[in-house]
Amino acid sequence: MHPSSSRTPPERPGKVIALHLNYPSRAEQRGRTPAKPSYFLKPATSISSSGTPIERPAGTELLAFEGEIALIIGKRARRVTPGDGWSHVSGVTAANDFGVYDLRYADGGSNLRSKGGDGFTPLGPDVLPAAGIDPKNLRLRTWVNGELAQDDTTKDLIFDFGTLVADLSQLITLEPGDVILTGTPAGSTVVQPGDVVEVEVGHDDQTTGRLVTPVAEGATPLPEYTAQPKTDDNQREQAYGTRESAGLPPAFALTDELKAKLASVGTATLSAQLRKRGYNAVSIDGLRSTRPDAKLIGRARTLRYVPFREDLFKSHGGGYNAQKRAIDSLHPGDVLVMEARGEKGTGTVGDILALRAQVRGAAGIVTDGGVRDLNAVAALDIPTYHAGPHPAVLGRRHVPWDTDVTVACGGATVQPGDVIVGDADGVLVIPPHLVETIADAAVEQERQETFIAEQVAAGESVDGLYPMNDHWKARYAQWHR
């Protein structure tokens, strides 16, 4: 039977194209929402049917499942529109996009080794004809050993199915029997030999039936001339979905308790404690704040501008550029830190984008460049640290280039996730692993300075008191008790 009308999936499709991210639940788990779809290819030999075991390669530990909905192309598609894309789909079926995270490092982004193995793309068992389906009303579920692991719908996909077909068809001719894997929701995790994974796609009272894949242990080691399994905590977290599921210690969290400690001390005190530990280049210099009365505390998100060049601004400056993506991706408590090379001859943010950051719940904005609409930005609740006002748009001196990378701002290196603290004295960058130690020491330092100030106000000399000698340390301990 022709693949466009078959009720069973194609055994050897011409192309198997897989989408990276599409479900909001998975995007939130990964910490990024793509502006445009991105894909990778899987070999046709990776296709298998329900009931066929998948072999976890010998020597690997991180075989993860990804329950997905597969589109089967029924009609040739070349440069079609999103509105017409769905009409080129003959049906949908259940799929599992298995991957071995131990081999991701060797792929250079292609996913060929990690996701292209024989049997790594089970399909089936049945195909639901597209003619009777609302593509926004499909339900995807995955079970591991009978326990529900994934349960999501296509209602709120980042990229609808018609858009995926249209997007791919701009450069690639899609032919009958080609398969498109449309992404997986949150819940994907690692499975072990002996586990059984089942995936089902449903639409009202129709179902593909359960796609069953037993997991088996491979017996043939990879030879020395090929890439060997290699993993680390980052890959374990990616494979299991969360650090907790991977058995890893919790990642640093800027808790309310830590925020309260940081809020109770000044940047001058924090700077002294950082200096005691050898950190002398963690001050973002030369900036002023729109809200010097407000304390800034949050985790860094970064945006980098490069010097203006006509062709680069044409390709990267317009539309939904890196600047807009950075603002739109902010979460509550984030601080957007911009690398503008200290260039004051144009604005790097204005009132509309600053308002958007405030609405997103961001804690603040830090730029070593200029700010447009300064009076309007200063009227917002969100504090913005900047190098000065300027009326020009960023296209005069800057091209918005990339986000969430290590940047230089005001003479300091800032990495995504660093803790940013600011007040009227300035802005500091605190590496996450030092935050708790620095906060506790700063609280103690200010407590001691409160005691010292009381003694000075009472007429005591600073000799032996500031810093405290043994006599005054004993007096302080008594005062503290």
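**Entry 1: a lysine and its partners**

I began with K115, whose side chain makes a polar contact of 2.9 Å with the side chain of D97; a polar contact is a pair of N or O atoms within 3.5 Å, where, within protein, one must be able to donate a hydrogen and the other to accept it, and residues adjacent in sequence count only if both atoms are side-chain atoms. I noted a second polar contact, of 3.1 Å, between the side chains of K115 and E66. This is a predicted model, in which local features need pLDDT of at least 70 and side-chain atom pairs count only at pLDDT 80 or more, while totals for chains, interfaces and linings use all residues. Residues are numbered from 1 along each chain as its sequence is written, and side-chain values use heavy atoms, with hydrogens and water left out.

I placed K115 in helix α3 (residues 112-115); helices (H or I, at least four residues) and strands (E, at least two) are DSSP runs, numbered from the N terminus. K115 is buried, with a relative accessible area of 9%, where buried means under 20%, exposed over 50% and partly exposed in between (1.4 Å probe, protein chains only). Not counting residues up to four places away in sequence, I found K115 touching F40, K42, E66, D97, F98, G99 and F120, contact being heavy atoms within 4.5 Å.

**Entry 2: helix α12 and its two neighbours**

I then turned to α12 (residues 435-457), whose axis comes within 11 Å of that of α13 (residues 470-480) and crosses it at roughly 105°. Axes are lines fitted to C-alpha atoms, for helices over the stretch in contact, and angles run from 0 to 180 degrees between N-to-C directions. I listed E444, R447, Q448, T450, F451, E454 and Q455 in α12 as meeting W472, R475, Y476, W479 and H480 in α13. The residues of this contact divide into 4 nonpolar, 4 polar and 4 charged, with Ala, Val, Leu, Ile, Met, Phe, Trp, Tyr, Cys and Pro as nonpolar, Asp, Glu, Lys and Arg as charged, and the others, Gly among them, as polar.

How does α6 (residues 256-263) cross α12? I read that their axes come within 9 Å and cross at roughly 45°, which makes α6 oblique to α12. L258, K261 and L262 in α6 meet V435, E436, A439, D440 and V443 in α12, and by class I recorded 5 nonpolar, no polar and 3 charged residues in the contact of α6 with α12.

**Entry 3: a helix start and a glycine in a loop**

At helix α5 (residues 233-240) I found D232 capping the N-terminal end, with a side-chain oxygen 3.1 Å from the backbone nitrogen of N234. Just after α5, G241 takes a positive phi of about 100°.

I located G395 in the loop between β24 (388-389) and β25 (398-403), and G395 is buried, with a relative accessible area of 17%. Leaving aside its neighbours within four places in sequence, G395 is in contact with F308 and F313.

**Entry 4: the chain as a whole**

Definitions and conventions
Parallel < 35°, antiparallel > 145°, perpendicular 65-115°, else oblique.
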